[in-house]
Amino acid sequence: MSILRAVAGVCAAGVLVAQAAWAATPSPVPLLRPPGAGEPSRFDACCVRCGRCLEACPYGAIHAAPFEAATAASTPYVNARLQACRLCEDFPCAAACPTGALEAPAERTAAAMGVAVINEDTCLSYQGMRCEVCYRACPLIDEAMVIDYRPREGDDIHAVFAPQVVNDSCAGCGLCEQRCPVSDPAPAIVVVPTGADAAAYVAQRNGGASVTLAKGVA
């Protein structure tokens, strides 16, 4: 019996150590939060993982983070590539939040989920082809995203129709990311979640490869 107790004690200690290590491990990839989450530290302190925002989203865009997200597991996030946020005018997800972790934005541009960033190395428009898919998909077209018409270097006939993100107006909904025709290894435009480093995040999404980020409009 004493041997069994000793084994049980060792197993229990191992579980506690594993749980402690898991609890101290941050999410491997910054998560895109629903509208109104704001600064990560504030959101993390208020979210109780109740799942009400998931139930309230009419488009099924909000999911519970998987176990692999470590300390962020079960918290709400948006996978923009699969289903972007539609920026509902009444923000039902925020309205359903019982703790204030999600605060209903005063307007769509104030959703502050993140900011879209373009990878010049893979964006079709920056390669000289005319695409404009992200521009057309933007719910805040000509406000959060514009087209920069510029001459193509070394070409006196053709022009480059380069999409540019207006940083101060981008809500970070991710519709541009969802619709981008580039997919290998990642969309040419991705939403960098609020609080994340743009260069590091985009590189991580591209398998660690170095990237050239298009300059946004202030």
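The legends below describe close-up views of a predicted model. In this predicted model, local features need pLDDT of at least 70 and side-chain atom pairs count only at pLDDT 80 or more, while totals for chains, interfaces and linings use all residues. Residues are numbered from 1 along each chain as its sequence is written, and side-chain values use heavy atoms, with hydrogens and water left out.

**View A. Asp44 and Arg33 form a salt bridge.**
The closest N and O atoms of the pair are 4.0 Å apart. A salt bridge here is a side-chain nitrogen of Lys or Arg within 4 Å of a carboxyl oxygen of Asp or Glu. Asp44 sits in helix 2 (residues 40-46) and Arg33 in the loop between helix 1 (2-23) and helix 2, so the contact ties together parts eleven residues apart in sequence. Helices (H or I, at least four residues) and strands (E, at least two) are DSSP runs, numbered from the N terminus. Asp44 is partly exposed, at 49% relative accessible area. Arg33 is buried, at 13%. Buried means under 20% relative accessible area, exposed over 50%, and partly exposed in between (1.4 Å probe, protein chains only). The structure holds five salt bridges.

**View B. Arg42 and Glu103 meet in a salt bridge.**
The N to O distance is 3.9 Å. This pair links distant parts of the chain, 61 residues apart. Arg42 belongs to helix 2, and Glu103 to the loop between helix 4 (92-96) and strand 3 (114-118). Arg42 is partly exposed, with a relative accessible area of 26%. Glu103 is also partly exposed, with a value of 48%.

**View C. Arg130, Glu132 and Arg136 are linked in a network of salt bridges.**
Between Arg136 and Glu132, the closest N and O atoms are 3.1 Å apart. Arg136 is exposed, with a relative accessible area of 56%. Glu132 counts as buried, at 6% relative accessibility.

**View D. The side chain of Gln178 reaches the backbone of Ala84.**
Gln178 is found in helix 6 (residues 175-179). A polar atom of its side chain lies 2.9 Å from the backbone nitrogen of Ala84. Leaving aside neighbours within four places in sequence, Gln178 is in contact (heavy atoms within 4.5 Å) with Ala80, Arg81, Leu82, Gln83 and Ala84.

**View E. The largest pocket has a volume of about 440 Å³.**
On a 1 Å grid over the protein atoms alone, a pocket is an open set of points where a 1.4 Å probe fits, with protein on both sides within 12 Å along at least five of seven lines; lining residues have an atom within 4 Å of a point. Volume is the space filled by probe spheres set on the points, which are joined across faces, edges and corners. The lining has 23 residues. Pro30, Leu31, Arg33, Pro40 and Asp44 lie nearest the centre. Helix 2 gives the most to this lining, with three residues. By class, the lining holds 14 nonpolar, six polar and three charged residues. Ala, Val, Leu, Ile, Met, Phe, Trp, Tyr, Cys and Pro count as nonpolar, Asp, Glu, Lys and Arg as charged, and the others, Gly among them, as polar.

**View F. The second largest pocket holds about 290 Å³ of space.**
Its lining has 18 residues. Val29, Pro30, Leu31, Tyr77 and Tyr201 lie nearest the centre. Strand 2 (76-78) and helix 7 (198-205) are the elements that give two or more residues to this lining. The lining residues divide into twelve nonpolar, two polar and four charged.

Note on methods: Polar contact = N/O pair within 3.5 Å; in protein donor to acceptor, adjacent residues only side chain to side chain.
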